[in-house]
Amino acid sequence: MASTYSLPPLPYAYDALEPSISKQIMELHHSKHHQAYVTNLNAALKSYDGADVAGQIALQQAIKFNGGGHINHSLFWENLAPTGQPETDFASAAPKLAAEVAKTWGSVDDFKKAFAAALLGLQGSGWGWLVKDATHGLRIITTKDQDPVVGAEIPVFGVDMWEHAYYLQYLNGKAAYIENIWKVINWKTAERRFVGGREDVFKALKASI
């Protein structure tokens, strides 16, 4: 029997991230775009169970793309919070992560510049991530399309750089979107992921059977 995934509810209202991210974007992004990934993932998994080997191979790209979209967006919603909430104050909400960021990049401002450069360097659609690597410590990486963070790396927080995440509000102003998204990063969630293990990050994504 195929696993069944569902759209996770947002931990805040659609208008809670304004003015950094508009209500219109949040509503479309969550209820339409993310829901489509969930719907298509469930359909692909259902077809996979009944397919022959050739059919299963043909379905793998759909499972990867839609499964990655579900994972990435589920993590994204959790690593955002309304402006002015205690969770958005980096130093107080994430003291251990803030110390490691300063150690790695020299300062928080230098880290933000490096992260923004990685996001603006993405060609086409994708994601930017701060990840924890047991071997290399904190790193900034990007993933293409809906590819999720895989392997031993732990996603601390991610930023969606698909046009649907910003275009209705910022048009082609990617830099302004990036500048404003710092105001709604949930550093408490980032701290929890930083000090925890990979299983702690992904445990909320388990499907119902």
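Helices (H or I, at least four residues) and strands (E, at least two) are DSSP runs, numbered from the N terminus. The expected span of a helix is 1.5 Å times one less than its number of residues.

This is a predicted model, in which local features need pLDDT of at least 70, side-chain atom pairs count only at pLDDT 80 or more, and totals for chains, interfaces and linings use all residues. Residues are numbered from 1 along each chain as its sequence is written, and side-chain values use heavy atoms, with hydrogens and water left out.

The unreviewed entry gives "domain: Manganese/iron superoxide dismutase N-terminal" for residues 4–81. UniProt positions are given in the numbering used here, feature names are shortened, and annotations may be inferred rather than shown by experiment.

Residues 4–81 are 69% helix and 0% strand, with end C-alpha atoms 28 Å apart. Residues 96–193 are 43% helix and 23% strand, and there the end C-alpha atoms are 11 Å apart.

Helix H2 runs over residues 53–78, a count of 26 residues. From first C-alpha to last, H2 reaches 37 Å, close to the 38 Å expected at 1.5 Å a residue. H2 also bends by about 35° at Leu 59. The bend at a residue is the angle between axes fitted to the seven residues ending there and the seven starting there.

## The annotated binding site

Which residues carry the "binding site" annotation? The unreviewed UniProt entry names His 29, His 73, Asp 160 and His 164. They span 136 residues in sequence, yet no two of their C-alpha atoms are more than 12.1 Å apart, so they gather at one spot.

His 29 is in helix H1, and His 73 lies in helix H2. His 29 is buried, at a relative accessible area of 1%. His 73 is also buried, at 0% relative accessibility. Buried means under 20% relative accessible area, exposed over 50%, and partly exposed in between (1.4 Å probe, protein chains only).

Contact means heavy atoms within 4.5 Å. Leaving aside neighbours within four places in sequence, His 29 is in contact with His 34, His 73, Phe 76, Trp 77, Asp 160, His 164 and Ala 165. With the residues up to four places away not counted, His 73 touches His 29, His 34, Tyr 37, Trp 127, Gln 146, Asp 160 and His 164.

His 34 sits in helix H1 (residues 23–50). Is His 34 buried or exposed? At 0% relative accessibility, His 34 counts as buried. Beyond its neighbours within four places, His 34 has contacts that include Leu 7, Pro 8, Gly 69, His 70 and Ser 74.

## Aromatic pairs

The whole structure holds 17 aromatic pairs. Rings of Phe, Tyr and Trp (its six-membered ring) pair if their centres lie within 6.5 Å; planes under 30 degrees apart count as stacked, over 60 as edge-to-face and the rest as tilted. Two pairs are tabulated.

| Pair | Centre distance | Plane angle | Class |
|---|---|---|---|
| Phe 76 and Trp 77 | 5.5 Å | 45° | tilted |
| Phe 111 and Trp 182 | 5.8 Å | 65° | edge-to-face |

The pair of Phe 111 and Trp 182 links distant parts of the chain, 71 residues apart. Phe 111 is in helix H5 (residues 108–120), while Trp 182 is in the loop between helix H7 (174–181) and helix H8 (187–195). Phe 111 is buried, with a relative accessible area of 0%. Trp 182 is buried at 12%. Phe 76 and Trp 77 are both buried.

Phe 111 and Trp 182 also belong to one aromatic cluster, with Phe 90, Trp 105, Phe 115, Phe 157 and Trp 187.

Lys 132 lies over the face of Phe 194, 5.6 Å from the ring centre. A charge sits over a ring if NZ of Lys or CZ of Arg is within 6 Å of the ring centre and within 35 degrees of the ring normal.

Pro 19 is in the segment before H1 and counts as exposed at 65% relative accessibility. Pro 19 and Gln 169 are 150 residues apart in sequence and 9.7 Å apart in space, C-alpha to C-alpha. Pro 19 touches Gln 169 and Tyr 170, not counting residues up to four places away in sequence.

Ala 43, in helix H1, is partly exposed at 41% relative accessibility. Ala 43 and Thr 4 are 39 residues apart in sequence and 9.2 Å apart in space, C-alpha to C-alpha.
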